[in-house]
Structures are given as structure tokens and as C-alpha cells.
Amino acid sequence: MADELKSSPNDWTESEVSTWLRSLGVKEPYIEKLYEEEVNGQIFLTLDEDFLRTKIGMKLGPAHLIIQKRNELINSKQKPQEKIKPNPGKNTEDKQHINQKAVQGHPAQTSVRNTEDSVERQTAQEQCVLTSKEDCRPRPFDQEEIDFIYVKNRVLQPESGAFNLTSPCHEFKSLSKASTLDRTRLQAKFAKEVLKFATGCMNIRTNGTIHFGVMDSKEDTGYVHGEIIGIAVQEKDIYVDALDYIERSISSDKEHVRQCVRPPRFIEVLDRESTEKRYVVEVDIVPSISIVKNKVYAVRLPNFKESTNKVEFEKEAILRRVGSKTEPVNDKDLSDFYQRVRDRDAQREEAEQNQFLSAPDFCQDLGRKLKVLMTSGKKFIEKEKWFIFVTNKLSPNDLCYIDWLLNMNVFCVFDFDPESKTSGLCSKYLQHHAANMHSLQSYRLSGDMSINEFTSHLHLFDQTSWIFCNGRSDFKGNETQCDEMTWIKTKMTFLQESLSLICKQILPKGTFQVIFLLTSPVEKPLLHTFYEFFTKMEGHEDIICICESEKNFQKWQSFAEGSCGTETVDNSSVVGMKMSHIDSTLQQIQPLNTLTSKRLPVFVKGTCLLETLIEEQMYSLEILSVDHCNETSKEFIDEEKANIEEQFYRGGTVKWLNFWLAEHKYVGEVIERDAYKDVSKLLNDALKRKVDQPPVNSINIYHHPGSGGSTVARQVLWNTRKDLRCAVVKPSYAACLVAQHAVELREYEEKDPQTCLPVLLLIEDSDKEYLDDLRHELEVATNNKRIQCGTICFILLSCRRSHDPEIKCKESPLQNVSVTHKLSAQEKRKFAGKREVLEERYEPEFILTFVLMSEGFSDEYVQHFVEHLLQGIDRQSVAHASFAMLHC
């Protein structure tokens, strides 16, 4: 059987070791125990009979057989190698001959060389893996109710000795084997290690923590010193009750030890690849001077003796902490040790006093930190940036202060509160906004669906997606809440797929920000969510954590630091701000005042409120309200008005805010082209009631690219918004859906479909077929409503680019309007006056589009401008650079 395995036992896996043991007839429980202890070939070669008997619990007979057969196997593998080794006494020619044979393919020598190379490569790989493991910091010392977590395979700083007495020294014990023993054996082992460490610390007067479930490389080969593995804890009371050995191990001052040795703390170990629950068990030692003054503590350590099958106590000893070890005080040093008690007491007393004389905590400017993180260093939150929120349960008090969130550009929310829809954040959000309810399974892309089809199907860019990550109490399906371990088993894969889809395929890097809003104790699914975002986004730069409770933050911090480092986590987290303070602070940097109402005109010449929730349900339309842009904050206007105006005159698309700023005299007027009057006249004619008037009418604007056709069209809507209901049709929506939303807009808050204001719809750069489809859908809708003949219901204002707009205009003079680069005499006077004003504030190149427009896009002016722009530029060097770039 052994011959069927690899030639070198050093390369055996745990399974191959088990196979070889079965070939010897070793009993299965022993084989399973060795397999559980991860005994592979490399470890197997180092075993001795004592290990097999004491650690594995094996009887003497099978232990002796295994070691004897193992040694015979090693010898049999070494003999063929020894036969071909060159004799040291042979001359150089013989050595060269042997080396040449090996190079030519001598099987034995090649096998030896390959085996050695393989071992070297394996060793190098193992060293690389061991040195690349992430560091982490220990749980805060002796703090009650700290919610902390360790991550498997992260590494604590090495064991340490006494430093300043109040900074704890540390000792690591794997306890991997002992944790599987019965209650009596486990308690004896645990108590022995704790009492040994505790009395050593108390005699030196230093704080300390002993960690069980953390590897000590001296005992645990294959691991880094301080590597967190954790142990399975079946019953916590086993470890708590183990400290009852204090009464049996300490002859005097038992109560002192009880006071200085804190109860065991169980810190959960998160394993990204397993659902098994494991812990690091920690015991803090705090020898307060008021307790230990003038005392030296002796201990009789408990030890389970297999020979007698009971716990016995070792000889009484006085222990002390020396460097990173706990050692007994030698008889020759005992007198001196007693004499120096007062010195150690004085040092401890001074250390405790210094602890309380430290400077008060520095108060961070959390308000500024929050603003900088939310704006990426700008003055205001970017209106175009998407935000992804990850939340857990919000308290009723916190829900009173979420106005800032209601005005964010929210792409989706990963919500871990099953009650959110009925009484949490989701219920509050739905009072003001439309949102689509999803589970994690909803974000799975089927093989035959493109990304565009997927985003359209889920309306991802139309309405906020609310993703219930851990069940939904109001849902009657199978979306039930589950515990942490079940969540990891059943929902972790769905989370990974959804985040990969969002971060890799839907939202480009830099266009979105992820905000973890932690208002309740943090559980493991949230930590996994952070890790997945961190890996999918390839870094932490667009991830923010907001958490009021420092206690809740501790667990998050202990996990996140392993991925990003302490400084990164600290710089991207706002901890300690109340939700009311966050709400007030963030409203100062939002371009829009939160929850400002919008109004639409009504048939009886008044206005009605347009609820945001209703507006978002008509998502194929950008609706223009009577008081549009009134919600813009004054601070944003004061800061950004110059930039907004400059962007427009440099050639940017006109925005509603451009018209609003001009209307309220913050900036100069937006010039009206002659075409504006033409479109306005056609619109007024269409609104006149006629017997043969169709319910849907059309006006077409054909314009040269860059001539301002879109500005003319939007100017018409802006100036008509108080008399008609106006909207821009968003691209990529089916005509039937747009028609449905247009009908809803027309009839919103009106009593009778027969008496409603007409709706003016702007459709930009759509082909004739789409316009015909939209007209048809609207006509069908009005016919179904039995609208009276002669009632105008919808006016389609089409704005399309054309290279021959004047010819298009002649084809249908009563329906088409042209906008060209040529300016009329009146237009030239308007543009010349505006240009003079702008040139007082901007250089011509910074308002290039406006200048070109004012020159009527004159070829002569363009040529002169370009020549002037190129003056002083070494065109030959530029040409060389361009050539070099092309050939890179």
C-alpha cells in the first residue's frame, strides 16, 4: 500500500498518512484523531511514541508499531539514494562523470534532485504564505461589554513581557488538542495555564492577557507565532468554572487572585471559508496595587495524571514573568525577590497614577471629517454621484433624523433589518420616495440577459432598489430571517454575486460611494458585506463608515483593520456623532434643501403639490415644476453660480438652474434666439381650441449641432411651466410606458379628464418612428378616455440635430422650426452685448462656444483663433511626442 503513495513520505497529505496507517492495521479512531490534528507527511516524520501516547491517547503497542514501521519506510527510501551518492574520496573526473550522468537523465539522481527542489520550493512557498498574513490588534484590555471579533489566520503581535506594568503583556496557547478533551482534563489544563500566567503577572505587578486559540510557533509547526485559529467551545461554563481551581491551588490570599483574575472572555473568530463557530478565550490579569501590595503569591499548579486518572497538584512554586515567559523563582534568587517587593509595588503604584494623569482625549472635528468624506473634498455633495447604503436596524429616535438621507441620490440599500419595511428605515423612506423591493436573489444575472436588459428590468436607475439581506417580516414568501451561521451558508453566495454585478458591471469605479450606516450591534453578515465591497471595489477609497456608538464600532474596526490597516479605517470612519448631528451637518452641504415641496399648475389656474413619491413613479419623465430649482440651497448658489454659468458658456448642455439663476438675477439673462419666438407662436396656435384640433399635436425643432437648438427647446418649457404641465422624455423608454406616465401627469390632482391642462413633452434626438409610436399611444389613451373633440391634450416638442435644418423647416412651415449657426442682425446685437459682459470676467478661450456663436461660427474667426492659440507652442516637439505616443 505504501508503494502506491508518493515516493517521499515528506510530501504526503493528511489523507495519504491515513492510507498508510490503515495498511498497517491501525485502529480507525487513532487514524481519525491524527487526521483531525492535520498530521501530514512533514509532521508525520517528526512524531515520536511519547506524542502518540500523550497527545493522541494511543496505547503503547500501536504507537511502537507506527514509529518502527515509519523508520523502516524512511530507511528504505534513503538506501537507493545513498548508492548513487558520489564517494568523497573519488577524483574530480569521477564526480564530473556522475554529474554528467545525472544531467543526462540518470533516474535515481534526478529523482533525488527533483525531490530536494520540490521540498525547497514548498518551503519557500510556505514561508511566503506565513509572512504575508495580515496583522491585527488584540481586544481592548479589561473593558466590559466590548463587542470585538477576531478573523482567522490574522496575526497578533508577538508574546511580550512587562513593559510599563499597565500595558498588558501577552501569552499565547493554542489549546487545540486540550479543547477536545473531557471536562476534567480540559479544566485542569486551562486552569494550569491561567494560574501559572496570572501568579507570574501578579508577582511582577504587571497587567497581562493570556489568549487560548492563538498559535505559539514553538509548539504549533506550520503556523505563524500569534496566528489566530480559535477553538471550538461546546460549553462556556467549563472555562468559567475552571477558575475554581484557585481555591485548591492557592494556599493563602485566594481572594486576591480571584479579584485580579478576570472571568474568561470569549471572542468569536470569523472564518470566511467555514461556518464552524470558534472562539479565542482570553483571561485578563489586573494586579491592582490596592490588592497585591506587600504580597508574594505561591501556587500549586493542577495537572491531570494519566497514570492515576485524576488531577494532582504540583509542588508549590513562586512564579514570575521574565520577558515573554513565566518561570519559577530559583531558591537562590528567592530572598532577593522578597526584598524587592516594595520596589515593584512602588513601580505599580506610579504606573496606576500615571494612567489617570494622562491628558484628556483630543476632540476630533467630526463635522469637517464627515463633510470631507461625503463630498470627496468638494464644497457640496455631488448630485451626479450614486450612493449605496448598508444598514442595520435604526432606533425610532434615529428615524426622526434621516432627512439628509432622503435627499441623497440613492442607488440601492442593503438592509439587514427584517422589520425595515414595517417599522424601520424602509417604511420611512417609502413615505417620501418610490423604491423597488428586492432580495439578494434578485441580483442574479441570467445567462441570456444583457446588463442593459437587467438594469432596465429592475429599474435600477429609475428608482431606489431596497435589498433585504436577511429576510423580510412583511413578506409571505420564503424570505425569513436566519442566524449568522445559516446566513453565511445560504445567502453569502447571493451577496457575492450581487456586489460583483453592481461594482464590476453596472456602476463604473468612481461613480458611486458606499456608506455603512451602523446604528445597531454589528453582526457577521455585515462584516462579510464590507469585505466583499472592499475586494470588488479593489480598495477602500469609496467606502465610508458612520457609527454613533463606539461600542458597536469596535467589532467593525477589529475586522476592517485587517484588510485596510488602522489608519485607513480611522480616516474613513465617523464615530461618535449622534444621528441628529449628522442630519444637521449633511443638510448644510446638500445642493437641495431636504423635502422641499414641488408644485404643478392646475386647470383652474392654481397649483397642486407634486409628491416626490408620485413623481418617481413616473420615472420615464423629467417633470418640470412651477417652482423648479427653488429647492436649491442658497449656500450652493453662492458657491457654484459662477461655475454653472461658465460651464454653460463653454458649451455645456443648458440646465434648468441656468434659467433659474437668470430669472432670479443671480447671473445675466440667457439669450433668446429668434427661433424661440417661432416655437412659442406655433405653441400658442396649437393651444387655441378648434373643432378639428387633434388631441396630440407636434412641433419640430431642427438645428445645426452646437447652434443652441436644445437651449431653445428647454427655454420654451421653462417659460411655459406655469401654464402647462411640462416634462422631458428620458431616453431609452418604450413609447407605451412614456404615454402611460404622460397620461398620469396630465390627470394628476385634476377632477375630470375632460378639463386638464395640456402636457408639453420634449423629445430629444429621437427618430420619426419613435415619435409616431408615441403619438399613436397617446391618441389611443385619449380615445379610451373619450376626450371631447377639439381638446388638445399633448404637444410633442421634438428637437433633432440636422445638417439642413432650413430645408426641413420649408417642408412643413406650420410645424417645423430651424435653428442654425447663422445669426440675424438682432441676434448679433444681443450676442455682442453679452460677449462684452462675459469677457470682463473670462478669457475668450474659457467661453469659446459662446464666442464662436457670437461670430456665427465664422471660418475666418475660427482660423484666426486657432493660430493665436498655437502661438508659442513648439509644434515640432509636439509632433514628435505624438508620434512617440502612437508607437508606445
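**Reading a strand pair and a helix**

Mentor: Val-299 stands opposite Ala-317 in β9. This is a predicted model, where local features need pLDDT of at least 70, side-chain atom pairs count only at pLDDT 80 or more, and totals for chains, interfaces and linings use all residues. Residues are numbered from 1 along each chain as its sequence is written, and side-chain values use heavy atoms, leaving out hydrogens and water.

Trainee: Over how many bridges do β6 and β9 pair?

Mentor: Strands pair through backbone hydrogen bonds, either parallel or antiparallel. Here β6 and β9 (residues 317-322) pair in the antiparallel sense over 2 bridges; strands are DSSP E runs of at least two residues, helices H or I runs of at least four, numbered from the N terminus, and pairing takes at least two DSSP bridges. The open sheet has the order β6-β9-β10.

Trainee: Which strands stand at the edges?

Mentor: β6 (298-299) and β10 (325-328) each have a single partner strand, so one side of each lacks a neighbour in the sheet. Helix α8 (residues 183-204) packs on this sheet, touching β6, β9 and β10 (contact: heavy atoms within 4.5 Å).

Trainee: Now α31: which residues are buried?

Mentor: An α-helix has 3.6 residues a turn, so residues three or four places apart point the same way. In α31 (residues 768-784), Tyr-770, Leu-771, Leu-774, Leu-778, Ala-781 and Thr-782 are buried (under 20% relative accessible area; exposed is over 50%, partly exposed in between, with a 1.4 Å probe and protein chains only). They cover an arc of only 105°, which puts them on the same side of α31; the arc is that of directions from the helix axis to the C-beta atoms.

Trainee: What does the face turned away carry?

Mentor: That face of α31 carries the exposed residues Lys-768, Glu-769, Asn-783 and Asn-784.

Key:
The expected span of a helix is 1.5 Å times one less than its number of residues. Axes are lines fitted to C-alpha atoms, for helices over the stretch in contact, and angles run from 0 to 180 degrees between N-to-C directions.
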